[in-house]
Amino acid sequence: MIYDLVILGGGSAGYSAAMTALKFKKKVCIIEKGPFGGLCILKGCMPSKTLIYSARINEIIKKSKTFGIDIKGKINIDPASIINRKNKIIQGFADYRKNIIKNKRDINLIYGEAKFISKNEVEVNKRVIKGKNFLISTGSKESIPPILGLKETGYIISDEALELKKFPKSLAILGGGPVAIELGYYFNGLGVKTAIIQRSEQILSNNDLDCAKELENALKNKGISIYTNTSIKSFSKSNKGKKIIFDHNKQEKEIIADEILVAFGRKPNLEGLNVEKAGIKPEKGLIKNSNYLETNTKNIYIAGDSSANLAVVNVAVEEGRVAATNMFSKNKEKIDYSAFPMAVFSHPEFAWIGLSEKEAEEKKINVKIGKFYFKDLGKAECIDETEGFIKFIADKKTNKILGVSIVGHEASDLIHEAIPLLYFKATLDDLKKMPHLHPTFGEIYSYLVDEMI
Ligand SMILES: Cc1cc2nc3c(=O)[nH]c(=O)nc-3n(C[C@H](O)[C@H](O)[C@H](O)COP(=O)(O)OP(=O)(O)OC[C@H]3O[C@@H](n4cnc5c(N)ncnc54)[C@H](O)[C@@H]3O)c2cc1C
């Protein structure tokens with residue numbers, strides 16, 4: 001049999017492409033190394049958010065006195081129960097998705113590792129699978145730079161951090177991206193002495209400094225030690241724990257922690273795929289794609305983390321959809337990366353969409369910036385969630401809203417109001433006419449726009 005689409009990797013991008021192909025009444029084969037579910041469900045978005053909520057609950061309990069509720073006695077934190085709850089939830093998500101696939105007559109799921117043998121064939125479990133189109137959606141893997149002594153000293157990555165049923169007393173996290181911050185919030189919130197060591201001058205080095213600083217200060221207030229502008233010199237084992245020596249603001253510093261969590265980021269997982277046999281020429285370990293998500297071999301597309309475009313799940317899902325649409329539809333779609341919402345799910349959260357102030361400066365776009373602080377919002381005071389702000393970036397001449405960033409309580413949900421604003425190319429004047437419910441966090445949009453025009 002020759003499939004219309006053979007998908008290498010059944011994570012979020014692969015699943016989205018398979019479902020799209022079915023809409024075109026196509027025959028699909030998904031080849032999955034296993035376990036089935038993908039990073040988001042098994043080791044990424046969903047487990048981390050489930051765990052983080054336990055830290056949040058602890059935080060709320062600790063400040064309950066503020067609300068006139070005095071909880072007496074010892075708070076017992078049971079990591080094993082936290083992990084068991086998470087495992088049950090993610091198993092449910094994975095089973096749900098597996099059942100959907102099982103019930104689709106036109107999808108064949110094969111377990112095994114796929115590798116190309118030509119531009120129309122892959123091999124899996126010594127079987128040859130033929131296809132008219134292929135999607136590479138094999139995801140990503142942890143990036144571990146060869147730093148002196150790190151391997152010998154020992155470390156964990158996020159996969160293991162999400163499974164710890166016994167917490168270390170202290171944890172040093174290397175890196176200052178979303179995963180480092182979210183897991184830092186999780187462990188610190190449940191009593192682990194946590195330090196974040198980041199090479200760049202700010203955490204979240206691609207984002208605006210004021211947003212990153214606001215989040216950094218909030219996390220420091222919760223007890224996380226954050227060192228930015230560092231250069232790691234060495235790792236070693238001592239009888240007190242794992243020792244890290246690094247320069248911080250040009251002064252040597254030493255940290256000894258029970259465990260080290262490496263969270264430097266991830267890179268495309270293309271190992272063993274033999275893409276060269278299909279005529280694909282990776283450059284520096286990356287496969288380039290067009291705006292239509294085609295590789296340089298016309299019938300082979302790429303989507304999700306393996307494409308190295310933007311490694312978040314809403315992008316993986318959209319890339320899977322766009323790639324499959326472009327295989328089977330006459331109306332080709334270009335992918336537009338300018339308005340994907342992104343978030344860091346600590347507390348406070350940080351969410352953003354569209355143009356940042358930094359990008360506006362780099363691109364020399366003439367913008368006006370507005371900010372409104374949650375401390376000046378009635379609802380935020382009512383529930384004592386006054387950290388952070390909302391920030392707008394709008395075109396100076398036309399008032400078109402180009403970007404929104406939010407640091408604060410529920411920022412990842414609040415950013416959703418900005419999605420249609422950017423999608424429909426709304427201006428500040430449009431927003432000013434839109435009514436908002438009172439008292440809510442969402443009405444912060446209307447307060448900010450009132451100040452800007
Ligand atoms: C700790 C953590 C937290 C995260 N939190 C968020 C979040 O809150 N929000 C967000 O948007 N993103 C988050 N992400 C990122 C998000 O999980 C990924 O961007 C997304 O899951 C990528 O989906 P994908 O389909 O590209 O890859 P994956 O879901 O990784 O799927 C790739 C699949 O390919 C399979 N595979 C690999 N090689 C082969 C082969 N040779 N043959 C067959 N199959 C193969 C793998 O087994 C896997 O199932 C997080 C990531 C991490 C690590």
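## Helix α1 against helix α9

Helix axes here are lines fitted to C-alpha atoms over the stretch in contact, with angles taken between N-to-C directions. This is a predicted model. In it, the axes of helix α1 (residues 12-23) and helix α9 (residues 313-328) come within 7 Å. They cross at roughly 35°. The crossing of α1 past α9 is right-handed.

Residues on the α1 side include Ser 12, Ala 13, Gly 14, Tyr 15 and Ala 17. On the α9 side, the partners include Val 313, Ala 316, Gly 320, Ala 323 and Phe 328. By class, the contact of α1 with α9 has 10 nonpolar, six polar and two charged residues.

α1 and α9 each give two or more residues to the shell around the ligand.

The ligand is surrounded by 36 residues. The closest are Gly 9, Gly 11, Gly 38, Gly 139 and Gly 304. The shell divides into 14 nonpolar, 17 polar and five charged residues.

In soluble globular proteins, nonpolar side chains tend to be buried together. The largest nonpolar core in this model has 75 residues. Ile 173, Leu 183, Ile 401, Val 404 and Ile 415 touch the most other members. Helix α7 (residues 178-189) gives the most to this core, with seven residues.

Leu 183 touches Ser 158, Ala 161, Ile 173, Leu 261 and Ala 263, leaving aside residues up to four places away in sequence. A second, separate core has 48 residues. Among them are Tyr 15, Ile 31, Ala 114 and Ile 335. Tyr 15 is also one of the α1 residues that meet α9.

## Cis peptide bonds

The peptide bond from His 347 to Pro 348 is cis, with omega near 0°. Pro 348 sits in the loop between β17 (342-344) and β18 (349-354).

The bond from His 438 to Pro 439 is also cis, with omega near -5°. Here the proline lies in the loop between α14 (428-432) and α15 (444-452).

## Positive phi outside glycine

Asn 125 is not a glycine, yet has a positive phi of about 50°. Asn 125 is in the loop between β5 (121-124) and β6 (127-136). It counts as exposed because it has 11 C-beta neighbours inside 10 Å.

Lys 284, also not a glycine, has a positive phi of about 50°. Its place is the loop between β15 (266-268) and β16 (300-302). Lys 284 has 4 C-beta neighbours inside 10 Å, so it counts as exposed.

Conventions. Residues numbered from 1 in each chain as written. Predicted model: local features only at pLDDT ≥ 70, side-chain atom pairs only at ≥ 80, totals over all residues. Core = buried A, V, L, I, M, F, W, Y, C linked by C-beta atoms within 7 Å. Buried ≥ 20, exposed ≤ 12 C-beta atoms within 10 Å, placed from the backbone. Helix = DSSP H or I, 4+ residues; strand = E, 2+ residues; numbered from the N terminus. Contact = placed C-beta atoms within 7 Å. Axes fitted to C-alpha atoms, helices over the stretch in contact; angles between N-to-C directions. Left-handed = near helix turned anticlockwise from the far one by under 90°. Nonpolar A, V, L, I, M, F, W, Y, C, P; charged D, E, K, R; others polar. Near = placed C-beta within 6 Å.
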